[in-house]
Amino acid sequence: MEKQEVFGFIITAVSDINFMLLMIIIILVAACFFGRYVDISRKMIIATIGILVLQIVFMFGGDFLLLKLNPELYHTMENLDASQAVPLQDEGYEGYAAFVSIFQTVLNISVFVYAFVFYLVCYKEKKFLRALESTIVLLLLSQYEGMIIQFFLLYIKGGDPDYLRSLYATVGGPDVMWFNSMYTVLSITTNIILFLIVYFGYYKKKKVYVVRVRDRVLFVVWLVAFYIIPSIPMGVYELDLRYKVISAIFAFLIPVLGILAPVLIVMNAADKSLKEKNEYQETYLNAELEYIERYKNAQTETRAFRHDIINNLSLTSMMLEEGKVEDANQHLKELLGNVRALSPSIITGDEMLDCIVAMKADKMKELDISFTTDGVVDGGLHMKPMDICSIFANALDNAIEAARKVEKEPWVDLKIKRTEKFFVLKVSNAAEGKVDVEKLFMSNGYTSKSDKEHHGFGLRNIRQAVEEYDGLVKADSDEGTFGLSIMIPRNAS
């Protein structure tokens with residue numbers, strides 16, 4: 001029994017690692033394709049080892065329990081030869097079959113309870129709902145994948161349903177060892193490929209977006225179809241040559257259509273969504289950069305005017321010396337008007353932030369929204385211009401959108417404060433009522449606008465950009481007001 005025990009331990013260990021991979025894949029998919037807010041850390045990866053520990057406890061506990069309940073049956077099973085196949089329906093083994101069935105059920109329940117607790121810790125928002133959602137998906141995905149691989153192996157063996165039934169009712173033997181080995185190898189290979197695709201192709205590159213509801217429905221329909229179709233031949237008992245040919249075709253079509261195609265569908269839908277989002281963001285940023293270019297041109301004119309100020313003052317002095325007081329006064333009035341027109345109305349301490357705030361201030365003036373600002377960023381924010389644009393253009397746009405819905409006295413306010421370690425920039429605005437902050441920060445993107453596919457990414461972009469600099473984003477709301485606090489480390493780089 002030693003070889004069979006070693007084989008059993010290896011298969012069990014690899015199966016547990018495979019399940020751990022599935023748990024992580026669910027988290028990655030939730031983050032990359034459904035926009036869930038998770039932080040995948042080393043501790044999270046280590047926590048999946050609890051599945052392996054749980055399996056070991058159950059294995060030794062099961063052996064101990066069987067030894068106590070039926071020592072004779074325990075020693076009989078221990079002394080079986082590795083190549084000996086024992087049908088569990090034979091006399092004397094019915095009790096073992098019942099024991100294994102109950103033991104496996106309890107183990108499966110415990111494993112999924114552990115997965116639920118694992119997901120409960122991983123998610124940052126709506127923990128219970130997200131954990132329940134992920135555990136259900138984990139259950140369905142593991143069963144779906146297992147069924148696809150089982151039928152693939154079954155059809156390779158000729159497609160006789162009795163073959164699979166006999167395997168489940170047998171302990172030991174070369175057929176069981178072959179089937180378990182192939183099943184484990186195919187399963188873990190599939191999950192490793194899935195993990196590599198999602199982690200390095202999407203999560204590592206920070207490709208985070210939400211797959212459209214239509215594509216989700218199509219994907220679910222696909223999964224259901226390929227959960228049912230392979231089961232149909234199981235009801236056929238008399239196999240002829242045509243069915244054997246169909247079985248051979250199924251052997252190759254099922255893994256391709258049942259595993260590869262759904263992955264391609266999701267990747268295509270995700271890439272399309274990302275392309276649309278990038279096109280929108282590119283249009284938006286081009287408009288922002290166009291304004292900034294105009295602003296810089298205005299600054300160039302200001303510098304040119306300052307260069308000529310000495311000549312203008314000299315001319316005024318000459319007029320006064322010649323007694324042309326009225327001409328000198330008129331010239332001074334024109335000069336002061338030009339100075340006021342060219343002087344920057346917004347000074348925050350950061351050139352890029354000045355451009356963005358000035359642009360949004362002009363927009364608010366057009367919309368009759370009162371805008372006030374106070375405080376400066378000493379020495380600038382030390383952030384990439386694109387990140388400053390992504391954070392504060394989105395924050396001010398959200399504030400403007402909310403304030404313009406307020407009928408009486410709409411307003412937006414920007415306050416800049418400094419602590420020992422952070423610059424705190426708080427964008428406040430008038431609101432129609434108290435804002436549901438939790439809903440606002442739901443990771444799948446929330447917006448009151450009809451254009452949800454584009455504008456729903458605003459707060460996500462703010463949070464992601466701020467977290468790149470180890471900053472924090474917080475929100476607070478009272479009746480009629482909303483505030484978004486953006487905390488950037490003073491040494492951000």
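**Group meeting: strands, salt bridges and a surface patch**

Okay, let's start with the sheet: strand β5, residues 422-430, runs antiparallel to β7, and 9 bridges join the two. By pairing I mean that DSSP finds at least two bridges between two strands. Strands here are DSSP runs of E with at least two residues, helices are runs of H or I with at least four, and both are numbered from the N terminus.

Before I go on, a word on what we're looking at: this is a predicted model, local features need pLDDT of at least 70, side-chain atom pairs count only at pLDDT 80 or more, and totals for chains, interfaces and linings use all residues. Residues are numbered from 1 along each chain as its sequence is written, and side-chain values use heavy atoms, with hydrogens and water left out.

Back to β7. L425 has I486 in β7 as its bridge partner. Then there's strand β6, residues 472-478, which pairs with β7 in the antiparallel sense over 7 bridges. On that side, K474 stands opposite S485 of β7. β6 and β7 make a hairpin with 2 residues between them, and G480 in the turn has a positive phi of about 95°.

Let me zoom in on S485, which sits in strand β7. S485 is buried, at 12% relative accessibility. Which residues does S485 touch? Leaving out residues up to four places away in sequence, the list is L425, K426, L472, V473, K474 and D476. A contact, by the way, is heavy atoms within 4.5 Å.

Two of those names come back when we turn to salt bridges: the side chains of D476 and K426 meet in one, at 3.3 Å from N to O. D476 is in strand β6 and K426 in strand β5, so this pair ties together parts that are 50 residues apart in sequence. The cut-off for a salt bridge is a side-chain nitrogen of Lys or Arg within 4 Å of a carboxyl oxygen of Asp or Glu. Both ends are partly exposed, with D476 at 33% relative accessibility and K426 at 28%.

How many salt bridges does the whole structure have? The search finds 5. Another of them joins D397 and K363, whose side chains meet at 3.7 Å, N to O. D397 lies in helix α13, residues 385-403, and K363 in helix α12, residues 351-366, so the pair ties together parts that are 34 residues apart in sequence. D397 counts as buried, at 12% relative accessibility, whereas K363 is partly exposed, at 33%. There's also a network here: K360, K363 and D397 are linked by salt bridges.

One more pair: D413 and K415 form a salt bridge, with the closest N and O atoms 2.9 Å apart. D413 is buried, with a relative accessible area of 9%, and K415 is partly exposed, at 39%.

What about disulfides? The structure holds 0 of them, a disulfide being a pair of cysteine sulfur atoms within 2.5 Å. If you want cysteines to look at, C122 is buried at 5% relative accessibility, and C389 is buried at 4%.

Now to the surface. I46, I49, V53 and V57 form a nonpolar patch there, with about 350 Å² of accessible area together. Patches are made of residues with over 30% relative accessible area and no salt bridge, joining like charges within 9 Å and nonpolar side chains (Val, Leu, Ile, Met, Phe, Trp, Tyr) within 5 Å.

Last, the overall numbers. The chain has 16 helices and 7 strands, and 41% of its 493 residues count as buried. Among contacts with a separation of 6 or more, residues 24 or more positions apart account for 75%. The accessible surface of the chain comes to about 27,600 Å², and 61% of that belongs to carbon and sulfur atoms. Those areas come from the Shrake-Rupley method with a 1.4 Å probe, and for residues only the protein chains shown count as cover.

Terms used:
Buried < 20%, exposed > 50% of the residue type's maximum accessible area, 1.4 Å probe, protein only.
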